[in-house]
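Dear colleague,

Please find below the structure that I am handing over to you.

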Amino acid sequence: MPAIQSLKKQLRGILSTQKLTKAMKTVSTVKFSKLNGIFREYSYYGKAAEELLNSFGADFLSSAEISDSSAPAAVVVIASNKGLCGNFNAELLNFALEEINKIHSPYIIACGKKTVAFLKNKKIPIKKEYIYDDIPSYEAVATLLEELLLLRKNGKISDIYVVYSRYKNMMLQKPTCVDFFEESSLKNETMTVFLPDKQTVIQKIAKNVFKARLYEFVLESAIGAQASTLMTMRSAYETATEYAEGLEKEINRVRQSAVTADVIETSAERDEKGGNKYG
């Protein structure tokens with residue numbers, strides 16, 4: 001039966017998709033769970049670093065040496081390494097493109113394979129490329145921060161903007177552009193005693209505070225990507241399952257119709273033979 005064979009072929013394809021999306025959903029669930037645990041544990045350290053930045057931000061900023069305030073601004077764009085995560089990358093990268101176009105001759109640093117591919121496709125020159133694991137390490141992000149501070153010290157860049165997806169919840173990640181050294185939110189706390197002295201303490205902890213801030217941005221981007229992948233694969237799996245069930249019902253209906261037709265045809269032939277015999 002041509003109709004049944006065609007339906008069975010479609011069903012095999014759908015079942016293959018169902019199996020694949022189920023496997024990817026499982027993988028993204030594990031990665032999301034691990035990232036969520038890291039993010040929750042890190043949030044205590046991140047919050048403490050943010051409090052220090054809010055209290056002594058101007059002092060920390062003075063420790064981030066800048067040789068040429070007229071140098072190009074750096075734009076760090078953070079997206080994921082893989083697709084299949086809904087509109088997560090597309091929304092973020094289109095937003096990043098708008099931010100890049102606002103800056104004259106920006107110094108672009110691309111983080112993530114999707115960022116690199118997107119910017120190269122748009123013919124936008126990239127100065128540096130950083131590819132993180134799906135679960136990024138603090139050490140890898142610290143390397144980027146050291147590079148940024150060195151570029152700033154050597155007069156290659158001035159301001160630093162970070163474009164990433166701020167993680168709200170599994171259903172919502174919002175593309176955001178942050179001025180990494182935004183002075184409007186930085187102030188100094190005067191009622192604090194520093195030992196051995198203020199300058200030594202600030203110099204010792206400034207980099208750690210900046211690293212903590214940048215790592216939090218990268219973590220938010222990573223957890224958002226996995227959340228989007230998880231939701232996309234879950235939806236795809238459920239759709240494939242529903243479609244497969246519909247095809248199975250259709251195959252059974254066609255098969256039943258074929259059986260009924262055979263029964264009717266056989267019965268008609270028997271009646272016809274019986275009529276010839278006794279008529």
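The notes that follow take up the pocket and then the cysteines. Please bear in mind throughout that this is a predicted model.

The largest pocket

The largest pocket holds about 350 Å³ of space. Its lining consists of 23 residues, and those nearest the centre are S80, N81, K82, D134 and Q226. Two elements, helix 1 (2-63) and helix 5 (198-278), each give two or more residues to this lining. Of the elements, helix 5 gives the most, with six residues. By residue class, the lining of the largest pocket comprises eleven nonpolar, eight polar and four charged residues.

The cysteines

A disulfide is a covalent bond that joins the sulfur atoms of two cysteines. The structure contains zero disulfides. To count as one, a pair of cysteine sulfur atoms would have to lie within 2.5 Å. For C85, the closest cysteine sulfur is that of C111, and the 16 Å between them is too far for a bond. C85 is also buried, because its relative accessibility is 2%.

The closest cysteine sulfur to that of C177 likewise belongs to C111; the distance here is 14 Å, so a bond is ruled out as too far. C177 has a relative accessibility of 27% and therefore counts as partly exposed.

Yours sincerely

Technical notes
Residues numbered from 1 in each chain as written. Predicted model: local features only at pLDDT ≥ 70, side-chain atom pairs only at ≥ 80, totals over all residues. Heavy atoms only, no water. 1 Å grid on protein atoms, 1.4 Å probe; cavity = no way out; pocket = protein on both sides within 12 Å on 5 of 7 lines; lining within 4 Å. Points joined across faces, edges and corners; volume = space filled by probe spheres on them. Helix = DSSP H or I, 4+ residues; strand = E, 2+ residues; numbered from the N terminus. Nonpolar A, V, L, I, M, F, W, Y, C, P; charged D, E, K, R; others polar. Buried < 20%, exposed > 50% of the residue type's maximum accessible area, 1.4 Å probe, protein only.
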